[in-house]
Amino acid sequence: MSLTDREFWAVVHGLILGTLFLLAFSGGFVGIYSLRERLLTSEGVAERLPRMLVGGWAMAIVAWLTVLTGTWIVYPWYRAMPSEGTTDLTAFPRLLLLSEPATSAWHTFGMEWKEHVAWIAPMLATSVAFVILYYGVQLARRGEWRRPLLVYFTLAFVAAGIAGAFGAFITKAAPIY
Amino acid sequence: MTTQELDVKPNGPAAAAFLAAGIGAFVLGLTVTLHEAFPPVEGQTAFWDFAKNFGLGTGVGPLSGKVISGTLAYIVSFVALGLAWRGREVNLRSVLIVSAVLLALGFALTFPPIFTVFATE
């Protein structure tokens, strides 16, 4: 039972950070969603704030770590080029996918979308986390921010979700060894 | 700081954060599209290949320049707008509309069926 160096980083990028991202989103989203002044006492707002802050900032930090490890560690292995005369493309996932018409769209559509759209997630999550930090407990009285925060937080999740889903499918079609 | 003082906390810095997200997403989408529209000449390194051109990584290719540009646009606009709007109350509705439009463009321009329309090859 062992993982190669490449498999280890693929797991860190996709599975570990991806799971933390989901957890952070859930915590942050519930905190923002339930933030209605008329339903909360000041103690209730103060009790929710740390959860929102942790959820928001954890999602932002995890999103940055995910795109950084994905782009600068895992992606170069994905797009590696073989030396001349190589016939076995197993270690070259991009070329392996492109070599068959039945799998080429995993790269031309899936990977091309995933590698770009993923980077929108950390920007959105960081902006949401900043607004939560900036207003603090006062956010409950700032009803005009509740919907924008929920929408941007959810869009961050959608962007990461697109990337994560295609990452899983592409890894299935052409794993990084 | 009293409760009354907290109540007048201006929305400028928070609005700056949201507008910066829209700007960052749009610049990212724009670089993706520009790379498709203006590919490198045969045998030359792509302009957006910051990994090779500036030594920012190995094997990342043009993706490096696109995401670095988008991220820099986000950080610079966040800081600049945050400083410009520090202590100010801005029209939140207008800022959110502009941010949403930029964000929608950013999402659209990172979608392959859209950015490949501009491809020259």
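**Note on the predicted two-chain model**

1. In chain B, 44% of the 121 residues are buried. The model under discussion is a predicted one, and the points below should be read with that in mind.

2. The secondary structure of chain B consists of six helices and zero strands, so that, in the sense of the helix and strand assignment used here, the chain reads α-α-α-α-α-α along its sequence.

3. As to overall dimensions, the radius of gyration of chain B is 18 Å, whereas a compact globule of 121 residues would have one near 14 Å. The C-alpha trace of chain B spans about 65 × 30 × 15 Å along its principal axes. Of the contacts in chain B that link residues at least 6 apart in sequence, 75% are between residues at least 24 apart.

4. Helix H4 of chain B, residues 63-84, contains 22 residues and extends 31 Å from its first C-alpha to its last, which is close to the 32 Å expected at 1.5 Å a residue. Its buried residues include Leu63(B), Val67(B), Ile68(B), Phe78(B) and Leu81(B), and also Lys66(B). The cover over the buried residues of H4(B) is drawn from both chains, and includes H2, H4 and H5 of chain A as well as H2 and helix H3 (50-53) of chain B.

5. The contact between the chains involves 26 residues from chain A and 29 residues from chain B. On the side of chain A that touches chain B, at least two residues each are supplied by helix H2 (42-78), helix H4 (104-117), helix H5 (120-135) and helix H6 (146-173), and the largest share, eight residues, belongs to H5(A). In composition, this side of chain A has 17 nonpolar, five polar and four charged residues.

6. Which residues touch the most other members of the largest nonpolar core? In this core of 82 residues they are Ala63(A), Ile120(A), Leu124(A), Val128(A), Ala156(A), Ala159(A) and Ala21(B). Helix H2 of chain B, residues 12-37, provides the largest share of the core, namely 14 residues. In soluble globular proteins, nonpolar side chains tend to be buried together.

7. Leu124(A) deserves a separate look. Leaving aside residues up to four places away in sequence, Leu124(A) touches Tyr152(A), Leu155(A) and Ala156(A), together with Ala21(B) from the other chain. Two of these partners, Ala156(A) and Ala21(B), are themselves among the core residues that touch the most other members.

Conventions:
Residues numbered from 1 in each chain as written. Chains lettered and ligands numbered in written order. Predicted model: local features only at pLDDT ≥ 70, side-chain atom pairs only at ≥ 80, totals over all residues. Core = buried A, V, L, I, M, F, W, Y, C linked by C-beta atoms within 7 Å. Buried ≥ 20, exposed ≤ 12 C-beta atoms within 10 Å, placed from the backbone. Helix = DSSP H or I, 4+ residues; strand = E, 2+ residues; numbered from the N terminus. Contact = placed C-beta atoms within 7 Å. Nonpolar A, V, L, I, M, F, W, Y, C, P; charged D, E, K, R; others polar. Rg over C-alpha atoms; globule rule 2.2 N^0.38 Å. Expected span 1.5 Å × (residues − 1).
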